[in-house]
Amino acid sequence: MNTRALDRELKKGSAELLILSLLDAQPRHGYQLSKLIDSRSGGQLTFHIDSLYPLLYRLEERGWIKGTWVEEPNERRRRFYKVTVEGRRVLAEQRKTWAAFVEAVRRVTGGEHA
Amino acid sequence: MPDWAREVRARLSSLRFSPTREAEIVDELSQHLDDQYWELVAAGSPPEEAERLTRADFQRRNLLTQYMAPLRQANAPPSLTPGASTGRVLIDLWHDLRYAARTVLKERGFSVLAVLIMALGIGANSAVFSVLDAVLLRPLPFPNAERVVHLSWEGGGHLQSLSAVKFQYWHDHAGSFDAMATWRHVPGRVDTGGEVSAVRSLGVSRDFLQVLGYTTALGRGFAAAEEGPHDPKVALISHEMWRTRFGGTAGVVGSTIRLNDEAVTVVGVLDESFAFPYDDEPADVIVPLRATVDPNDIAENWPTIARLREGVTREQAQADVASLTEPFRAAYPDQVSRQARGMTLATFSELYVAAGVRRVLWSLMGAVTLVLLIACANVANLFLARAAQRRGEIALRTALGATAGRITRLILAESVLVALVAGALGLLLGHWIASVLVALTPIEVARIADVGIDWRVTLFTFVVSLATSLLFGSAAAWPAARARLSGVLNESPRGSSGRSRIRQGLLVAQSGLSMVLLVGAGLLVATLIGLTHVDPGFDPEDLVAVRLPSTPARYETAQDFWYFEQQVVQQLEGSPVIASIAGASSLPLERGINTPMTIGGRPDVWGTVEWRAVTPGYFQTLGIALLAGRTFENRDVTGRPPVAIVNEAFARQYFEGRSPIGERIEVGRVQGKWTDPSRVSPGIEIIGIVADIREVSLRTEPRRTMYVPQAQAPTQLSNLRGTMPVFVARGRLAGGDVERALTSAIRAVDPALPRPQVFPVDDVVAHSLARERFGATLLSVLAALALALTALGIYGALAYTIQQRRREIGIRMALGASGQQVTRLVMVQGIAPVLVGVLLGVVSSVGLSRVVASFLWGVTATDAATLAAVAVILLGVALAACWIPAREAANLDPVNALNCE
């Protein structure tokens, strides 16, 4: 299967859902997010720096996530993102929508039972 | 470690992030690339390889700019670089106003002071304009008022109402009008269920309502069959009267009311919008005029209004009415005097607002404008001082690219903002001031009750605010813009000479304008003082007047009046409280009756004289000396030979030193024409001469006056104003209850009369000066305001100058100057512009003397004593204003002063 094509198509529809649900679990910075998505999807989904940060900033402008600079001793400051209350609400909705969609697709494409 | 920042920044350079945000993003993305790099290194790649891979990966897609572009933060507006123009005028203007608002709010003390000063000036102007607008400028308050015109006869230099014949002629022959009508005030006394009260009543000709465009809310107007002298009596009542006296019920139409003791049928209720006469309270009751036209009647008391026909312009109508003058002259040569110009159309303000009132209003407008200019000068000085303090900021802006125009615009934005806030405040203040003015106005002025804030007053206030802001703003902005960079940073705090010249100039202007106002006030005060010392010719001390508020219909003829007066006088004969009492047709110094007359046997000797009907004790009660002949006695009644007494002025005018006693007067007749046939009483014999009194006003020289006994007065003259005769009484003891005695006497004679008003004659004398008192007070208040503003300006300017010149003063003192010398130096500097201003003010006052002359009495407009007194006041106040800063300067510690910079 053409991974790149799958990558692109699915990412378009689910990018926000991915980010929000990962940040829902705990606050993370941009690099962590990109590594997580890559590892958890088994390499199927990747976010390049060119698309990850614009997405994060867009979500921040909408007020769904909030970024804060955190300074660890002996370390460079990093920007950690976490989900806001509004973001959590959106996430729940998107999860529902996605689950319904997946279920519908599965029912349509699932094998006929004898 | 590799530096990713440059590459990231390069990808972001075409976007419009704010500098802070851009730095953050660069930081964040660099961190990401670092993490990538270190991961590769940790996985075993050599650093150079790791760097190459990371960089390649970053450059692979090259979509960062494209994905970042839609973000809001990538499209931030350019930062407000002071002095930099965006190139778009409206945006620049908005920036200027925003910045101005910030500045104004930051320097609150200064702004509040500026706003208050301007609000005072603008408020005064707004107030006077609202009065001017209501009285002179606003259109008339009835439907399509611009289609309604007045016809006026221009005879002998002024506009008059028409005579009966003229009205009939133009009514019949002028083709430009749909309708033409006339009206008259008539007595009105309504009796509803025992409650008797006077009402404002008008007699109107046919088509009156049609001319004005009013309709009836209920019922109908008058029918043709109701307007003849013998037709059934009908009336229309006002909406207000219908509501308050008839409960607003529909049943009033067709009902009968008692009007002037007659049964009258109400045929309709006027529309709520009815407001006529518009120079007075609206009428409550309208009845048909029922007047007949007598060709011998040349009295001009038929005011005429007409509605223009559809499609006819005012100019066409003017030509039409004027063109009928010659045919009229040919048909009725006796009705047209030689110098008469003929018929013309006149405006409301020309007819109903006396020229004197118009002059007063416009003069007042001029006076408050002067005050406003002084306020502007004050605020301009404030702005100048502040602009001097902002030298550094202005220099910085200039260095950043601001042009002189931009700097000017910035300062003007501040002044506009201050002025607009002041304008809003001034509008409210003006409304309050106007209502106070209206409440205190001593004379009847048409439509003054209509004064209020409407769109015109608001527009005027706005325009004035804007204009003044540009005025004082540019006074401050111009030197600031000019001195942008030239040595500013090295400049000593003394300030540019340009600024100081403007400051001095403003002080000169303020002093000059204040001087003009003070002179005006001083002259009016001098006039008032002079008038209060005028001898009225009679003795008002202990003299009391009695006036009845309305005239019952049963008092119709002069004989009725005489009978009434006689009985009241008899009632009080021997009273312990009243020494003497007499009746008269009117009080001195109040409006009386005048009439044309001819000297018997000399038809070429005629004129108009004041006419009074009095009872025998009149002259004695008032304290008027009898100079020759005899006074009236009880035998001078109807049926006996008609007699009259004249005053000195009369005798001087018509008899030039000869005694008039025994000569005859023909009243109501001039050059063979009667003004009213029923007023004619030929051959009245003069039996006495009395001393002159001021019948008309304290300002006017005594007019030629004739007195007749009430018993012999013709009814048409006696009842001309429709008012009951008045009484004057002299109390016997100070403190006796004169009022009660008079009231009971009148009640005893006629219990049905309404309660009389009793008041001291001193009030009448004082009231006759009400106009002068009002004017003097008003102008004095304005002058005081101007003086206060000027003093404030002098103090402020001087205090500021001293602060700027501390070093110089310190040097002087260090070199041996005494405190006194410093004081003198400062005072001279402060007073110099005031002296120049005073001089200019005196010259201007002389130049404006023609404007003021008509208001003065007993002083000329260039009265040296007044000018000198006023100059002294102004200089005194100026010296006081200079004193505090001068003392401060004298008490400076030289060491501190030298060290300050």
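1. The aromatic cluster. Ring pairs join Trp153(B), Tyr169(B), Trp170(B), Phe328(B) and Tyr332(B) into a cluster; rings of Phe, Tyr and Trp (its six-membered ring) pair if their centres lie within 6.5 Å, with planes under 30 degrees apart called stacked, over 60 edge-to-face and the rest tilted. Bear in mind that this is a predicted model, where local features need pLDDT of at least 70, side-chain atom pairs count only at pLDDT 80 or more, and totals for chains, interfaces and linings use all residues. Residues are numbered from 1 along each chain as its sequence is written, chains are lettered from A and ligands numbered from 1 in the order in which they are written, and side-chain values use heavy atoms, leaving out hydrogens and water.

2. Helix α7. Tyr169(B) and Trp170(B) turn up again among the buried residues of α7 (164-173) in chain B, along with Ala164(B), Val165(B), Lys166(B) and Phe167(B). Buried is under 20% relative accessible area, exposed over 50%, partly exposed in between (1.4 Å probe, protein chains only). Helices (H or I, at least four residues) and strands (E, at least two) are DSSP runs, numbered from the N terminus. The cover over these α7(B) residues includes β1, β3, β12, α10, α11 and β13 of chain B.

3. Over all chains, the whole structure has 27 aromatic pairs. One of them, Phe383(B) with Phe472(B), is tilted, at 5.4 Å centre to centre and 40° between the planes. Phe383(B) sits in α13 and Phe472(B) in α16 of chain B, so the pair ties together parts 89 residues apart in sequence. Phe383(B) and Phe472(B) are buried. With ring centres 5.4 Å apart and planes at 70°, Tyr555(B) and Phe564(B) make a pair that is edge-to-face; both are buried as well.

4. The nonpolar patch. Leu420(B), Trp455(B), Leu459(B), Phe462(B), Val463(B) and Leu466(B) make a nonpolar surface patch of about 570 Å². Patch residues have over 30% relative accessible area and no salt bridge, like charges being joined within 9 Å and nonpolar side chains (Val, Leu, Ile, Met, Phe, Trp, Tyr) within 5 Å. A salt bridge is a side-chain nitrogen of Lys or Arg within 4 Å of a carboxyl oxygen of Asp or Glu. Helix α16 of chain B gives the largest share, five residues. Leu420(B) belongs to α15 (404-440) of chain B, and its 33% relative accessibility makes it partly exposed.

5. Chain B overall. Chain B has 29 helices and 26 strands, and 50% of its 901 residues are buried.

Technical notes. Contact = heavy atoms within 4.5 Å. Areas by Shrake-Rupley, 256 points an atom, 1.4 Å probe, with all protein chains shown as cover.
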